Amino acid sequence: MKIDMVSEHASPLATLGGVDAGGQNVHVAELSAALSRQGHAVTVYTRHEDPGAPREVITPNGYRVVHVPAGPARVLPKDELLPHMGAFGEFLRGEWERDRPDIVHAHFWMSGLASLVATFDAGIPVVQTFHALGVVKRRHQGAADTSPPERIRLERMIARRADRVLATCSAEVFELVRLGMPRARASVVPCGVDLDGFSPDGPTARRGAPHRMISVGRLVPRKGFDIAIRALKSLPGTELVLVGGPGEGELENDPEARRLREVAHGLGVADRFRMAGQVPRDKMPALLRSADVMVCTPWYEPFGITPLEAMACGVPVVAGAVGGLVDTVVDGITGTLVPPRDPAKLARAVRQLLRNSTLRERYGLAGYDRVQARYSWDRVGADTLRVYDRVLPVPVPESAAQ
């Protein structure tokens, strides 16, 4: 099968940790690799934002990346890309007139818009994964939401016109139904985890306190890292390591990093709060193994890959009960779910685990078993192919066509 992915701002080749580079980049890269391993021809179309980058790249995992000339060849915030989606769609239309895919899988709402423009009247099925919804972002961020004002209206249109919506969690389906999408047109396929790279076995990073919490993600306010810092005040003998953002030497220039350090100083926990900045993927398993618990404290979370990575390393997770985290973390089995934006209850849940090594081990083993059974990228790839099969045209037997 010829599968074309469209991921307008989230390149699978991007370095992770920046403001607009995170879970979606990993999802597109790993899903493309899994489908390639299963014998499919996969191309990812992403916006050309580096004048020095080649037009096409064949990745070591077998899929192709095409850089689309839409807008200036430089990095732009994703919320500024909507005016360039017409050019993006026209480029795709030209590509697909010459080399027609069997199916198009759009990632994020603007990719869906460009894909629907490109496939108009062409009869090419389009599967849509939103990764995040504007209505949820607006609900939590209010006036701080920098999304284009048209986003929610366009997402509603895309959900109606795409051949199928592939959601990453059950909460997203609920939100889409509230937007007017029939429930029967959605399938849930979660994100996955690299089980070869993340496991309980291997080196463990050194730590500087008897206990360690770890949080991972892009340095943006909605990730709620300040909630974990506030919980740290009630957890003596515990350090918090935050992974994400620019390199460690560049954190002083990052406004969110400065804000988080100010919070730590104000609470008197700066000596137990470490910002590691951007960490190479191959160094992450050792860091995760060094933690007693991972804490995930976002205001909202469409899915969340990093909890899976912690579970794959045998580390229990304490997470806010929001979005995809409700599907991923089984409360009382693989970790603990707590009310979002509640430092006191977060601290209480972490304290229970830090005081009970047997419970930590039990949660860690259950988390490891869960990701092994449900969240390998090959399993996610196979589940995604079943969704594709539901929208592909049924071939007409030769005998019936004669």
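Q: Is Glu239 buried or exposed?
A: The model is predicted, with local features needing pLDDT of at least 70, side-chain atom pairs pLDDT 80 or more, and totals for chains, interfaces and linings using all residues. Residues are numbered from 1 along each chain as its sequence is written, and side-chain values use heavy atoms, without hydrogens and water. Buried means under 20% relative accessible area, exposed over 50%, and partly exposed in between (1.4 Å probe, protein chains only). Glu239 has a relative accessibility of 11%, so it counts as buried.

Q: With which side chain does the side chain of Glu239 make a polar contact?
A: Glu239 lies in strand β10 (residues 238-243); strands are DSSP runs of E, at least two residues, and helices runs of H or I, at least four, numbered from the N terminus. A polar contact pairs N or O atoms within 3.5 Å; within protein, one must be able to donate a hydrogen and the other to accept it, and residues adjacent in sequence count only if both atoms are side-chain atoms. At 2.8 Å, the partner is the side chain of Arg212.

Q: Is Asp121 buried or exposed?
A: Asp121 sits in the loop between α3 and β6 (126-129). Its phi is positive, about 65°, although Asp121 is not a glycine. With 70% relative accessibility, Asp121 counts as exposed.
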